[in-house]
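Please keep the sequence at hand while reading.

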Amino acid sequence: MPTPVLLILAGVIGLVIGCAASLAWAQSLRRREPAPAAAQPIVPDSVAEVLAIISSAYVVLDASGDVLRASPLAYSYGIVRAAGDDYPRLASNELMELTADVGRNGGYRDERLTLRRTDQESSDAVIDVRIGALGSHGVLLLADDLTRAVRVEETRRDFVANVSHELKTPVGAIGLLAETMEDAAEDPDAVRRFAERMQTESRRLSLLVQEIIELSRVQGSSALSDGEPVEVDEVIAEAVALNRNFALGSHIEVITGGTSGLRVFGSSSMLITALSNLISNAVSYSEPHTRVGVSVRREGGMVELSVKDQGIGISKEHLERVFERFFRVDRARSRDTGGSGLGLAIVKHIASDHGGEVTAWSMPGQGSTFTLRIPEMGQTGTITVGGETGAPGTGKDRVGQNHSSGAPGKEG
């Protein structure tokens, strides 16, 4: 074989051997390199298990302050606000600053804050907040609402005095009627008339005692201790049903409307009581053959339940006091309808227990509108920005980088 051919053949063989050696060497280096660590979830399984059983409200945030997971209590306390299709946000600038500080510098913060839940000063909440780093990528916020303890201590002092004063009227009336009946024993018509008055005062006394017990219950225990998701449609249906016979007897039509499918977190029975009291109050102060409307809508992270009547209306000076215990706009009319002056006070306490408020609008001759505002129950599962929403530990609960790819998914 000619020498040039042999040289070419030797060169080709050498090139093949060199390529094979290079490939073998590269594979050896790759085997020595450590495998990339698996992505760790923002909320580890162990942390998720603890969060599921704690009694405090909690919020899990990433280092930049975005809300990743929030408990129903966090919405009810007014710490987190739902924002429609946007991502939930912390509702307080002070909380944002504290969580941002922990996210940047680590450590732990323990603060007692006064937060404004709504635009009204009476809605201020006293919150104990504890904030700490959660691994290297997150922040955990825990909160307990102390508003009830502060408020109950303030109201307990004058409650007994008010109750004593209110009980004197029906008790005294019953005693006086009994004496008068005894003196008129020989007059059957007078005895019958006084007996009817005694029955009326007895019913008033029974209603007063019942509402005092109800007010004591909402003042003395938390409506959210055994809270659960509540369907607003069911609350409306039950409250209207409780007042159906009263409305029919007063020749009042009760109509309902608005947004359906909304949910809040709290006590279904207490919310039914609050809305039922508003409907009953509207029927009591409406003229026959008019309407009472019950509507619901979503507004700014809140569920608004409005009760509008076509009644006599309330003057401005009285409107400012309608939520006071035992206050009555028209005492003569209250005697006729059996009103105790506690119904709206009960509504106010229930609204506050649920992190909301109740407001009133009215003008004489133009009817009244009472609006119960309760925080909407937003997302309580892990929230993924720009991706799917998954359970903790599934690998689907990390935060994506594309914030414009769509709204986060929802979990119950």
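Strands β12 (302-309) and β14 (residues 368-375) pair in the antiparallel sense over seven bridges; two strands count as paired if DSSP finds at least two bridges between them. Strands (E, at least two residues) and helices (H or I, at least four) are DSSP runs numbered from the N terminus. This is a predicted model, in which local features need pLDDT of at least 70 and side-chain atom pairs count only at pLDDT 80 or more, while totals for chains, interfaces and linings use all residues. Residues are numbered from 1 along each chain as its sequence is written, and side-chain values use heavy atoms, with hydrogens and water left out.

- Val 303 has Ile 374 as its bridge partner in β14.
- β14 also runs antiparallel to β13, to which six bridges join it.
- Val 358 stands opposite Leu 372 of β14, and Ser 362 has Ser 368 of β14 as its bridge partner.
- The hairpin of β13 and β14 has five residues between the strands, and Gly 365 there takes a positive phi near 80 degrees.
- These strands belong to an open sheet of five with mixed pairing, in the order β9-β11-β12-β14-β13.
- The edge strands, each pairing on one side only, are β9 (253-258) and β13 (357-362).
- From one strand to the next the twist averages 15 degrees, where angles run from 0 to 180 degrees between N-to-C directions and axes are lines fitted to C-alpha atoms, for helices over the stretch in contact.

**Burial of β14**

- β14 is largely enclosed by the rest of the structure, because eight of its eight residues are buried (under 20% relative accessible area with a 1.4 Å probe, protein chains only; exposed is over 50%, and partly exposed is in between).
- In a regular strand the side chains alternate between the two faces of the sheet.
- Both faces of β14 are covered, with Ser 368, Phe 370, Leu 372 and Ile 374 buried on one side and Thr 369, Thr 371, Arg 373 and Pro 375 buried on the other.

**Helix α9**

- Helix α9 (residues 268-284) lies across β11 (291-299), β12 and β14, and runs at about 25 degrees to β12.
- Of the 17 residues in α9, 12 are buried, among them Leu 271, Leu 275, Ile 279 and Val 283.
- α9 packs against helix α12 (residues 343-353) at an angle of about 145 degrees, with the axes 9 Å apart.
- Contact here (heavy atoms within 4.5 Å) involves residues including Met 270, Ala 274 and Leu 278 of α9, and Leu 344, Val 347 and Ile 350 of α12.

**Strands β5, β6 and β7**

- Strand β6 (residues 124-134) has nine of its 11 residues buried, so it is largely enclosed by the rest of the structure.
- β6 pairs antiparallel with strand β5 (residues 108-116) over nine bridges, and with strand β7 (residues 138-145), also antiparallel, over eight bridges.
- Asp 128 of β6 stands opposite Arg 112, and its bridge partner in β7 is Asp 144.
- Three residues lie between the strands in the hairpin of β6 and β7, where Gly 135 takes a positive phi near 65 degrees.

**The whole chain**

- The protein chain has 12 helices and 14 strands.
- Of its 412 residues, 44% count as buried.
- Among contacts in the protein chain with a separation of 6 or more, 64% join residues 24 or more positions apart.
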